[in-house]
Amino acid sequence: MGRRSLRGLALVLALSVSPVAVMAEAPSEEAVLQNYADLALAGYEDALSTAKALEAAVDALIAKPSEETLAAARSAWKAARIPYQQTEAFRFGNPIVDEWEGKVNAWPLDEGLIDYVDASYGTESDSNALYVANVIANPKITIDGTEVDATNITPELLQNELQEAAGVESNVATGYHAIEFLLWGQDLNGTGPGAGNRPYTDYSTAEHADRRGAYLKAATTLLVSDLEEMVGNWTADGAARKALPERGLSAILTGMGSLSFGELAGERMKLGLLLHDPEEEHDCFSDNTHVSHLEDAVGIQNVYLGRYVRVDGSVVEGPSISAVIADKDAALDTEIKDLLADTVAKMNVMAKRAETVEAYDQQIAEGNTEGNAVVQAAIDGLIAQTRGIERAVALLDLADVTIEDSDSLSHPDAVFE
């Protein structure tokens with residue numbers, strides 16, 4: 001048989017193959033959940049490795065305080081935020097993560113609990129007796145009528161005595177934002193340019209320098225151990241991974257939707273924009289908020305696509321919720337992917353503006369029409385993608401999915417009451 005006939009036979013065979021035979025089968029729920037857990041494990045491993053690098057930089061700062069070692073510690077903190085923020089899409093759908101999250105990323109905080117503050121901060125709060133307790137300056141403090149010995153500042157003191165002391169959520173003594181405050185200090189610029197400007201001498205010649213260093217060391221040590229705990233939760237025998245089958249695909253869409261809507265669009269973005277208040281920005285001491293918001297959006301997209309790019313550039317990917325949706329409604333899958341990409345694009349516009357024009361706290365300032373519009377566009381993107389996620393929930397008939405709400409979005413007048 002000649003070449004021409006072989007080509008003809010190949011063409012006939014190709015045309016005779018049923019379209020169903022070449023179409024990829026939808027992944028099983030088990031396969032999707034396994035990849036979802038693998039993404040979580042990789043993300044938390046990256047958060048852990050960058051937290052260890054932060055701890056090393058903090059050790060160097062404490063050992064030899066200088067402009068250079070302080071700058072290096074700040075850079076390490078910013079680097080650590082990137083992988084951690086991408087893990088936040090695993091939070092709301094997984095109770096084990098949600099219950100743990102407050103130890104590492106709670107905000108906003110009454111920083112007067114930890115260290116000295118400017119006079120403009122005030123001296124008391126009706127809702128927080130420890131508003132200016134200043135643990136670094138005071139080796140003994142009183143909590144709910146009981147004297148607490150803070151002579152030795154240890155991870156145990158921070159975790160067991162100070163975190164949410166007296167039942168007040170704003171008494172944040174641990175995690176990224178306590179460390180951020182200790183590296184930058186207060187941002188006293190309001191909606192003007194500039195971040196916190198703590199001097200390196202706070203760790204050398206300033207009063208209580210040794211105790212300040214001890215607090216910073218304890219907080220970074222605790223951050224590492226908390227992240228080690230969460231890495232363990234996503235290993236093969238980890239509690240978070242084992243709990244997944246009970247919630248199934250609902251865990252994925254609950255996490256995506258609640259971070260998109262109530263948490264990020266509402267509490268972290270719209271509230272600050274409504275109030276034009278820089279105290280309501282997520283990384284308020286470092287002016288790093290634009291990065292945290294962007295990486296949250298990237299994390300949501302990662303979960304939907306079943307794909308995560310690790311810090312070292314390697315890729316973890318596999319069966320996704322996107323493929324499940326596409327099998328049932330290809331148009332909806334395309335719509336959701338487009339909405340997620342649109343949000344990330346709008347977040348990138350906001351982030352670029354923060355790097356080249358004005359920081360996020362300036363963008364939300366009253367009277368800044370252009371800056372406000374950039375932030376609002378990102379919020380609108382988050383709201384739109386949430387509507388797409390809700391349509392996916394309806395398509396899969398997942399009755400147990402509840403997406404977190406926010407007064408800032410649903411009842412904005414209540415914010416001003």
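# Briefing: pockets, cavities and selected elements

Gln-301 lies in helix α11. The model described here is predicted. Gln-301 counts as buried because its relative accessibility is 18%, and buried means under 20%. This residue is also named in the lining of the second largest pocket, which has a volume of about 180 Å³.

**Gln-301 and the second largest pocket**

- Leaving out residues up to four places away in sequence, Gln-301 touches Leu-340, Ala-341 and Val-344.
- Besides Gln-301, the lining of the second largest pocket includes Ile-82, Pro-83, Gln-86, Val-298, Asn-302 and Leu-305. Arg-307, Tyr-308, Val-309, Arg-310 and Val-311 also line this pocket.
- Three elements each supply at least two residues of this lining: α4 (67-86), α11 (289-305) and β3 (307-309).
- Helix α11 provides the largest share of the lining of the second largest pocket, namely four residues.
- By class, the lining of this pocket has seven nonpolar, three polar and two charged residues.

**The largest cavity**

- The count of cavities of 30 Å³ or more comes to two.
- The largest cavity has a volume of about 60 Å³.
- The lining of the largest cavity includes Leu-39, Gly-43, Thr-87, Phe-90, Gly-299 and Val-303. Pro-83, Gln-86, Asn-302, Arg-307 and Tyr-308 line the largest cavity and are also named in the lining of the second largest pocket.
- α3 (29-63), α4, α11 and β3 each give at least two residues to the lining of the largest cavity.
- The largest share of this lining comes from α11, with three residues.
- The lining of the largest cavity divides into five nonpolar, five polar and one charged residues.

**The second largest cavity**

- About 30 Å³ of space lies in the second largest cavity.
- Val-32, Asn-35, Tyr-36, Ile-252, Gly-306, Pro-319, Ser-320 and Ile-321 are among the residues that line the second largest cavity.
- Leu-39 and Val-303 belong to the lining of the second largest cavity and also to that of the largest cavity.
- Helix α3 gives the most to the lining of the second largest cavity, with four residues.
- This lining has seven nonpolar, three polar and no charged residues.

**The largest pocket**

- The volume of the largest pocket is about 430 Å³.
- The largest pocket is lined by 17 residues, and those nearest its centre are Arg-91, Ala-106, Trp-107, Pro-108 and Glu-169.
- α5 (95-105) and α10 (249-275) are the elements that give two or more residues to this lining.
- The lining of the largest pocket comprises nine charged, five nonpolar and three polar residues.

**Glu-101 in helix α5**

- Glu-101 is found in α5, a helix that gives two or more residues to the lining of the largest pocket.
- Because its relative accessibility is 6%, Glu-101 counts as buried.
- Apart from neighbours within four places in sequence, Glu-101 is in contact with Tyr-84, Glu-88, Arg-91, Ala-106 and Arg-268. Of these, Arg-91 and Ala-106 are also among the residues that lie nearest the centre of the largest pocket.
- Glu-101 and Glu-88 are 13 residues apart in sequence, and their C-alpha atoms are 8.8 Å apart in space.

**The two faces of helix α9**

- In α9 (residues 239-247), the buried residues are Ala-240, Arg-241 and Leu-244.
- Seen down the axis of α9, these buried residues fall within an arc of 95°, and therefore they line one face of the helix.
- On the other side of α9, the exposed residues are Lys-242, Pro-245 and Glu-246.
- The cover over the buried residues of α9 includes α3, α5, α8 (209-233) and α10.
- Gly-248 follows α9 and has a positive phi, near 65°.

- Strands β1 (residues 140-143) and β2 (residues 146-149) pair in the antiparallel sense over four bridges.
- Within this pairing, Ile-141 stands opposite Val-148 in β2.
- The two strands form a hairpin with two residues between them, and Asp-144 in the turn has a positive phi of about 50°.

Methods:
Residues numbered from 1 in each chain as written. Predicted model: local features only at pLDDT ≥ 70, side-chain atom pairs only at ≥ 80, totals over all residues. Heavy atoms only, no water. 1 Å grid on protein atoms, 1.4 Å probe; cavity = no way out; pocket = protein on both sides within 12 Å on 5 of 7 lines; lining within 4 Å. Points joined across faces, edges and corners; volume = space filled by probe spheres on them. Nonpolar A, V, L, I, M, F, W, Y, C, P; charged D, E, K, R; others polar. Buried < 20%, exposed > 50% of the residue type's maximum accessible area, 1.4 Å probe, protein only. Contact = heavy atoms within 4.5 Å. Pairing = 2+ DSSP bridges. Arc of directions from axis to C-beta.
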